Amino acid sequence: MTTATRRAAPFEGSSLAQVTADLKEEIRELYIADEVPWVIGYSGGKDSTATLQLVWLALQELPAEQRTKTVYVISTDTLVENPVVASWVSQSLETMRQAAIDQQLPIEPNRLTPKVQDTFWVNLIGRGYPAPRPKFRWCTERMKIRPSNTFIRKVVRRHGEAILVLGIRKQESQARARAMAKHEKRRVQERLSPNGNLPNSLVYSPIEDWSNDEVWTFLMQQQNPWGHPNKDLLTMYQSATEDQECPLVVDDSTPSCGDSRFGCWTCTLVDQDKSMAAMVNSGEEMVWMAPLLKLRDKLDVSGEEEHQLRDFRKMNGSIQLFGERIVHGPYTQKAREDWLRQLLEAQSRVRADAPEYVRGIELITTEELHEIRRLWVFEKHEVEDSLPRIYKEETGEDFPGRPLDEHLALGAGEIDLLREVCDGDDLLFTTARELLEVERKFRTMTRRSGLFEALEKTVKRGFFEDKADAHAYALKKKQLNEEIADRLPLIEDEDSADAPA
């Protein structure tokens, strides 16, 4: 199979029509060359839209008998995407689905979401994971990579292999350019690179050499083939830039459409959500997103302010030191309950002020709330079962879940009594509560093997007087371990000297 030769700068010396025609021919040749299905990554942004449009237009020009293999379009919704973008993508997928049927194209759109145990709020509010940081970036793998990789692996299992069609470009960043150049050297065909993360899959990146301006030129001059206007996409990008400017490129001196990037509105891996801030400040039409921006900024705390929100123990109850300082663990029960309150409050405010197309927005799903409740009660032993009460107080509606009283060691009255007996000692209260819940859990078992180990683990978690006592204990333990390590060579030398010749 031969494919069209590519230039470093596709539009240089060529018209848009010629560049597009060459690329469509290349796409058709790759498509009919084998029976390997294609999977196109679609985020709703400009690069993935341009890539999908090229594939769509190329398939339109193929005879019906040659459209033999499915092109899967996958879009991963993390459930905390910028609401405007999420709505755009959702509408686009539905329009795409109907257009593919009407045009008799083998294009199948798929909206992917993370499993409930992997979502942002289940991990932050349910398990107590602190807001993501560069050194604790727990979100990307769970929320974006796993859903797409799971889908691709299913395609590979069914067909033996797959070709991923991605809207990646070398000009996005130096890191992206280096990675793409590295994979180019290992290409098995002129245009297909190996995928380093997924076996039996190759990557095709048709617009890899395009510039930012060339992407916009294509989108503005080429009508969207599934009927979702690209001018609306341009408007969305314009609203996400501070100066509201996103001009069409007419020559080399024309500035490009900025570096607008859309992602999770909860993201704390960046200093500021510039795109959402620009949207909120762009006029009254987007002001309804202000509560989201406010909550995102509250999540982005650090230093002593963050330490106040987190347990001094790790998830397993251990005390970890970094130098002389305690490494804090998950959010405390109070902090997690506060985050839930603030999230539900933001949801109520957004629903009241948002335009019709996002009026029923769910910042957190019912399924996530059920999973958070389960984690709190049965894994963290917070048998007060406070989630339904918080939900009622913040939304004015009853929580859509059954009472858990029959599964709990203590009812609300007993919990209040236990708290009173503990006289304000939070650590004593949580330890006693967990001990009672562990006993209840094992009481229903035919064999109670593991009971004493579970009780011992609970006692070890709570035998400190407070954070200062735990810190002193950890420092002393570290000092003893260092002394033992220093003495070991001396002991070994003495043993060697005493050994018979």
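Close-up A. R111 is partly exposed, with a relative accessible area of 46%, while D77 is buried at 14%. Those words follow relative accessible area: buried is under 20%, exposed is over 50%, and partly exposed is in between (1.4 Å probe, protein chains only). This is a predicted model, in which local features need pLDDT of at least 70 and side-chain atom pairs count only at pLDDT 80 or more, whereas totals for chains, interfaces and linings use all residues. Residues are numbered from 1 along each chain as its sequence is written, and side-chain values use heavy atoms, leaving out hydrogens and water. R111 and D77 form a salt bridge, with the closest N and O atoms 2.9 Å apart. The pair links distant parts of the chain, 34 residues apart: R111 is in strand 3 (residues 107-112), and D77 is in the loop between strand 2 (71-76) and helix 3 (83-102). Helices (H or I, at least four residues) and strands (E, at least two) are DSSP runs, numbered from the N terminus.

Close-up B. E384 is partly exposed at 22% relative accessibility, and R419 is partly exposed at 38%. R419 has a ring contact too: its charged end sits over the ring of F429, 4.1 Å from the centre. For that label, NZ of Lys or CZ of Arg has to be within 6 Å of the ring centre and within 35 degrees of the ring normal.

Close-up C. The side chains of K392 and D398 make a salt bridge at 3.0 Å, N to O. K392 is partly exposed at 39%, and D398 is exposed at 58%. Elsewhere, salt bridges with shared partners join K24, E25, R28 and E61 into one network. The rule asks for a side-chain nitrogen of Lys or Arg within 4 Å of a carboxyl oxygen of Asp or Glu, and by it the count is 32 salt bridges.

Close-up D. The structure holds 15 aromatic pairs. One of them is Y42 with W226, edge-to-face at 6.3 Å centre to centre and 90° between the planes. Y42 lies in the loop between strand 1 (38-41) and helix 2 (46-60), and W226 in the loop between helix 7 (212-221) and helix 8 (230-239), so the pair ties together parts 184 residues apart in sequence. Y42 and W226 are both buried. W216 and Y237 also pair edge-to-face, with ring centres 5.0 Å apart and planes at 85°. W216 is in helix 7 and Y237 in helix 8, so that pair ties together parts 21 residues apart in sequence. Both W216 and Y237 are buried. Rings of Phe, Tyr and Trp (its six-membered ring) pair if their centres lie within 6.5 Å; planes under 30 degrees apart are stacked, over 60 edge-to-face, and the rest tilted.

**Close-up E. A ring cluster.** F120, W121, Y129, F136, W138 and W265 are linked into a cluster by ring pairs.
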